[in-house]
Amino acid sequence: MNAKKDSEELFEYKFQYHLDNDLGGAEKFFVAHTPREAFEAFKHACRKNHLDAHGLRISRWNRWLREWEKLKDYSPGLGSPPILN
């Protein structure tokens with residue numbers, strides 16, 4: 001039996017978003033213990049690079065099913081977008 005706690009396990013998170021004046025989408029990937037930790041890293045990257053991201057979708061990699069599980073969708077009309085700056 002593995003004695004590791006759930007909080008010690010790392011997950012891969014994918015952030016899909018759009019930038020103003022950009023026709024295509026962009027993605028950033030982060031490895032973190034929790035979705036909140038990954039989101040804080042994404043916010044930091046946006047501030048550091050002066051990115052105005054919108055239409056944000058957050059997914060977590062499920063290594064057992066080998067697919068991305070959608071956690072949040074902040075696309076227009078689907079939810080209030082998080083404050084990134």
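The conversation below covers the strands, the helix and a pocket.

User: Before we start, what kind of model is this?

Analyst: It is a predicted model.

User: What is the order of the strands in the sheet?

Analyst: The order is E2-E1-E3-E4, in an open sheet of four strands with antiparallel pairing. Strand E2, residues 25-32, and strand E4, residues 67-73, are the edge strands, each pairing on one side only. On average, neighbouring strands of this sheet are turned by 30° against each other, direction ignored.

User: How many bridges join E1 to E3?

Analyst: Strand E1 (residues 11-19) and strand E3 (residues 53-62) run antiparallel and are joined by six bridges.

User: Which residues face each other there?

Analyst: Lys 14 has Ser 59 in E3 as its bridge partner. Phe 15 stands opposite Ile 58, also in E3.

User: And where do the side chains point along a strand?

Analyst: As a general rule, side chains in a regular strand alternate between the two faces of the sheet.

User: How many bridges do E3 and E4 pair over?

Analyst: E3 and E4 pair over six bridges, in the antiparallel sense. In this pairing, Asn 62 has Glu 67 in E4 as its bridge partner.

User: How many residues lie between E3 and E4 in the hairpin?

Analyst: The hairpin of E3 and E4 has four residues between the strands. Arg 66, in the turn, has a positive phi of about 55°.

User: Switching to the helix: which strands does H1 lie across?

Analyst: Helix H1, residues 35-48, lies across E1, E2, E3 and E4. Relative to E2, helix H1 runs at about 130°.

User: Now the second largest pocket. What is its volume?

Analyst: The second largest pocket has a volume of about 150 Å³.

User: Which residues line it?

Analyst: The lining of the second largest pocket consists of Glu 9, Leu 10, Phe 11, Glu 12, Arg 60, Trp 61, Asn 62, Arg 63, Trp 64 and Glu 69.

User: Which strand supplies the largest share of that lining?

Analyst: E3 supplies the largest share of the lining of the second largest pocket, with three residues. E1 and E3 each contribute at least two residues to this lining.

User: How does that lining divide into nonpolar, polar and charged residues?

Analyst: The lining of the second largest pocket has four nonpolar residues, one polar residue and five charged residues.

Notes: Residues are numbered from 1 along each chain as its sequence is written. This is a predicted model: local features need pLDDT of at least 70, side-chain atom pairs count only at pLDDT 80 or more; totals for chains, interfaces and linings use all residues. Side-chain values use heavy atoms; hydrogens and water are left out. Two strands pair if DSSP finds at least two bridges between them. Axes are lines fitted to C-alpha atoms, for helices over the stretch in contact, and angles run from 0 to 180 degrees between N-to-C directions. Contact means heavy atoms within 4.5 Å. On a 1 Å grid over the protein atoms alone, a cavity is a set of points where a 1.4 Å probe fits but cannot get out, and a pocket is an open set with protein on both sides within 12 Å along at least five of seven lines; lining residues have an atom within 4 Å of a point. Grid points are joined across faces, edges and corners, and a volume is the space filled by probe spheres set on the points. Ala, Val, Leu, Ile, Met, Phe, Trp, Tyr, Cys and Pro count as nonpolar, Asp, Glu, Lys and Arg as charged, and the others, Gly among them, as polar.
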